[in-house]
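Q: Hey, I'm new to this one. Can you walk me through it?
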Amino acid sequence: MEAVVVVTNQRSECVANRVRALAASAGPSREIVLLFNGSWDSVSKPTLPPSVRLEQQPTPRPGSLATFGDNRNFLSKPSFVSWLATQTRYARVWHVEDDAFFSAPWRELFDEHATSNADLVGKLMHVFKGDQRGYKPTCRLFAQQQQGPSKALSKLETHEQGAGVVRAAAQERQGEALTSLARRNSTRCFSGAAQEPCQLCWTSWPVLRISRRLAQAIVSAFDAGATGHHEAITGAVCKRRTWCTREQIRARRLSAYFLGGEPGFKRPANSSNRMTVHGINKYIGRLQTERGVLYHPAKCQADPSLGAQQMSASQWI
């Protein structure tokens, strides 16, 4: 079974309408999951369709996945990948940010990849030697994945337990030692002829599909000491596993799709004018909204009517 997941800490009529549009147009084979940081029960306003699965946004363990987020989304991406790695209901899910807008029924986009078994589907970009992507230098992984604790670490745990230290503390010490060992033996995600150019490795997260097993691989890499922003490390983790495959969303869908850190979309100066469907159309010189295109970033904070616009777009014939 496939799901569509939205992670948000905003409770507004605009956000609720965007979730309603997903529930109405994602297709009968997909469940909608809302990971919400707070309380949004069945009687809270605004109400959600009963078909939407509402779950509390999990908090990742301290230290784990710390660099996977950033100062714009904080724990949104770490909590999502933690949730996906540990749940058992879905083999793969679509991740849709609460400021992503699709000018057609959502199933049109999702169905294009329904027969694909790719572990990662999205706007994926190549990484070339010498390029200046901001998160590239801090992305680090093992040359080979560690298989488990060393004998020395096992002896450390036994000694501490024998001395009366609680088991949890011993495991925490073991984890810290493994992390320290990992960082000493890690390599940059993109370095050397073996890793660059890295085809379809840089991952744009506003709309993507990711498998549970890739999420589990990402969490395992971080537990072993890896570091890296979600845009940089997701594709790198996939590339280093022979079973992991990647697939690009069609370019036609992405003509109005930008990232928050791109020139022209950095906050806060333009948050009330360009980060809307109308503002993006104006920015790219488009006179009207084109059908079947992903718009991002289109924020409810900049235009509270975007939820209603998404409801209308989801019924576009």
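Q: Before we go on, what am I looking at?
A: This is a predicted model, so local features need pLDDT of at least 70 and side-chain atom pairs count only at pLDDT 80 or more, while totals for chains, interfaces and linings use all residues. Residues are numbered from 1 along each chain as its sequence is written, and side-chain values use heavy atoms, with hydrogens and water left out.

Q: OK, which residue does Arg-213 form a salt bridge with?
A: Asp-119, and the closest N and O atoms are 2.7 Å apart. A salt bridge here is a side-chain nitrogen of Lys or Arg within 4 Å of a carboxyl oxygen of Asp or Glu.

Q: Where do Arg-213 and Asp-119 sit in the chain?
A: Arg-213 is in helix α6 (residues 212–223), and Asp-119 is in the loop between α3 (106–111) and β6 (120–127). That pair links distant parts of the chain, 94 residues apart. Helices (H or I, at least four residues) and strands (E, at least two) are DSSP runs, numbered from the N terminus.

Q: And Asp-119, buried or exposed?
A: Buried, with a relative accessible area of 1%.

Q: How many salt bridges does the structure hold?
A: It holds 14. One of them joins the side chains of Glu-31 and Arg-89, at 2.7 Å from N to O. Glu-31 lies in strand β2 (residues 30–36) and Arg-89 in the loop between α2 (76–86) and β4 (92–96), so this pair ties together parts that are 58 residues apart in sequence.

Q: How exposed are Glu-31 and Arg-89?
A: Glu-31 counts as buried at 18% relative accessibility, and Arg-89 counts as partly exposed at 42%.

Q: What about Glu-97, which residue does it pair with in a salt bridge?
A: Lys-77, with the closest N and O atoms 2.9 Å apart. Glu-97 is in the loop between β4 and β5 (101–102), and Lys-77 is in helix α2, 20 residues away. Both Glu-97 and Lys-77 are buried.

Q: How many residues of α2 are buried?
A: 10 of its 11 residues are buried, so α2 is largely enclosed by the rest of the structure. Among them are Phe-80, Val-81, Trp-83 and Leu-84.

Q: Switching to helix pairs: at what angle do α6 and α7 cross?
A: The axes of α6 and helix α7 (residues 230–239) cross at roughly 105° and come within 10 Å. Axes are lines fitted to C-alpha atoms, for helices over the stretch in contact, and angles run from 0 to 180 degrees between N-to-C directions. α6 and α7 are therefore roughly perpendicular; angles under 35 degrees count as roughly parallel, over 145 as roughly antiparallel, 65 to 115 as roughly perpendicular and the rest as oblique.

Q: Which residues make that contact between α6 and α7?
A: From α6 they include Leu-214 and Phe-222, and from α7 they include Ile-233 and Val-237. Contact means heavy atoms within 4.5 Å.

Q: How do α1 and α9 cross?
A: The axes of helix α1 (residues 13–25) and helix α9 (residues 306–313) come within 7 Å and cross at roughly 15°. That makes α1 roughly parallel to α9.

Definitions and conventions. Buried means under 20% relative accessible area, exposed over 50%, partly exposed in between (1.4 Å probe, protein chains only).
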